[in-house]
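Please have the sequence and the structure open while I talk.

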Amino acid sequence: MAEASRARTWLRRGLIAAPIALLAVLALTLGITLASPSRQLEAATTPALSLDMDGAAARLGEAVRLETISPEDPADFDPEPFLAFHALLERSYPKTHAALERQVIADYSLRYRWEGARPELPPVVLLAHMDVVPIAEPEAWTRPPFSGERVDEAGEAAVWGRGTMDDKGNLLAIFEAAEVLVAQGFVPERTIYLCFGHDEEVGGTGAQAIAASLVEDGVTNAALVYDEGTGVLQGLFPGLPERGMAMVALAEKGNIVVELRVEGEGGHGSTPPDQTAIGVLAAAIAKVEANPFPARLEGPFLHTFEYAGPEMDWPLRLVATNLWLFRPVLQAVLLGKPRTAAFVRTTTAVTVIEGGVKANVLPPRATARINHRVMIGETPEGVVDYLEAVIDDPRVEVEHTAGHGPSGVSPHEGQAFDIVARALRAVHPDVVVAPTLNVAGSDARYYEEVSEVIYRFSAFRLEDHDVARYHGVDERLRVSDYETMIQFYGHLIQASWD
Ligand SMILES: [Zn+2]
């Protein structure tokens, strides 16, 4: 009897306490949301450049026509287009070439030094790369991939061709801005280095050599290193309907290849064991795919929500500004789409499989290669350990055969971040600027000895249908976006630092 009455008392108390607790949590989250100020800065007030966009688009087109391809097989490398590209830069930007000191590094990479009025201050380093990926399906393109043609369609002009987005657009935008500023007699406050690698798409030996040359010249404390990244994204997150996100990457994931190897017995197909090398390998691959790496919403991508949260619509604003409570919910939502899942976990893509020689012969060996994009805070060795544990089969050898771990992480606040954010706000007034993680790679990772402050972003709009153009078919850059990029570099170069 006493038991039952005690239980009733507890139940009664619970019925009263639960709604009170819920209300308290709701009030607390609401209070936090209302107290979360916008972290968006005022636009830079440095003057916009007066540009000749017809000329600029024509010069970009010319650059696209030079087929500066980084081939899969280094033996297929053709130096001619690279030398022609150097000459084109000199011809197109004579004033910049007269004012800046130029050095050829690693045969085809370029480094320029634009001396500042106060050369004793830590310099600024702007990066881009001149090489492009090969064309896998030329027949799938609407226009020839190296046409460099300017096309006006549906009221929108664009320069077409491989390299417009990745990365000749950025490279020439830097020159367009510099040429106008040099012509005006402008001298930057800090020395600016322009560094252009020639083989970003196949490992970046050029960037490595340029970075080493900077370190050798004592440049180990640059105020900012700035490289390509994603563009202004629309609709990646719900809750930011019209405005778009400029997500400036503080870090990039690692990119490694892991090989799984199984040695078989060989022999005739008439007397097979229960499982051949191919069967063992297949079972291992199935386990790997069934056990994705654990998700972790932290680091640079967590900062994305600190900046985006206060700008979001209700009720998502409540979620994004209260990650102390909602982080697991948000993490689950992000894991729902491959594009957002890539931000919170080491990804796994089984990309190559080989094995077997003949239908009536037992396979002497079977191998598979997996491409992992490695999360910040993890290592290639950790990935191998995880795979070994998941596969749990001594017949399967697991080896990290190529690639590198994740980069370091640059600060998500401070003067350099503010300067970049203000320059972006000047060219995209409505956009929400937020720090983030880059899920793809760039040359920037080689500059960690040059600076602790490395940011990655490309100042063009990147709509959903544009994403597949990267390394894909129908790459092209809107002239309006190209103008935005040039103006962005104009603000960045003219920025005055404390
Ligand atoms: Zn690139």
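This is a predicted model: local features need pLDDT of at least 70, side-chain atom pairs count only at pLDDT 80 or more; totals for chains, interfaces and linings use all residues.

Residues are numbered from 1 along each chain as its sequence is written, and side-chain values use heavy atoms, with hydrogens and water left out.

What does Arg 395 meet in a salt bridge? Its partner is Asp 393, at 2.9 Å from N to O, where a salt bridge means a side-chain nitrogen of Lys or Arg within 4 Å of a carboxyl oxygen of Asp or Glu. Asp 393 has a relative accessible area of 15%, so Asp 393 counts as buried. Elsewhere, salt bridges that share partners bring Glu 156, Arg 461, Glu 463, Asp 466, Arg 469, Arg 476, Arg 478 and Asp 481 together in one network. By this rule the count of salt bridges comes to 33.

One of these pairs is Arg 150 with Asp 54, whose closest N and O atoms are 3.0 Å apart. This pair links distant parts of the chain, since Arg 150 sits in strand β4 and Asp 54 in helix α2, 96 residues apart; helices (H or I, at least four residues) and strands (E, at least two) are DSSP runs, numbered from the N terminus. Arg 150 is partly exposed because its relative accessibility is 37%, whereas Asp 54, at 52%, counts as exposed.

Another salt bridge joins Arg 243 to Glu 311, with the closest N and O atoms 3.2 Å apart. Here too distant parts of the chain are linked, as Arg 243 is in the loop between β8 and β9, Glu 311 is in the loop between α8 and α9, and the two are 68 residues apart. Arg 243 counts as partly exposed at 30% relative accessibility, while Glu 311, at 12%, is buried.

Let me step back to the whole chain, which contains 15 helices and 17 strands and has 498 residues, of which 51% are buried. Its C-alpha atoms fill a box of roughly 95 × 75 × 50 Å along the principal axes.

Which order do its three strands take? The sheet is open, the order is β4-β5-β17, and the pairing is antiparallel, where two strands pair if DSSP finds at least two bridges between them. At the edges are β4 (150-153) and β17 (476-478), each pairing on one side only, and the twist from one strand to the next averages 30°. Strand β5 is joined to β17 by three bridges, and Trp 160 stands opposite Arg 476 in β17.

Finally, consider Glu 201, in the loop between β6 (192-197) and α6 (205-216). Is Glu 201 buried or exposed? Glu 201 is buried and yet has no salt bridge, the nearest side chain of opposite charge being Arg 162, 7.7 Å away; for charge, Lys and Arg count as positive, Asp and Glu as negative, and His and the chain ends are not counted. Leaving aside neighbours within four places in sequence, the residues in contact with Glu 201 include Ser 70, His 129, Asp 166 and His 471.

How values were computed: Buried means under 20% relative accessible area, exposed over 50%, partly exposed in between (1.4 Å probe, protein chains only). Contact means heavy atoms within 4.5 Å. Axes are lines fitted to C-alpha atoms, for helices over the stretch in contact, and angles run from 0 to 180 degrees between N-to-C directions.
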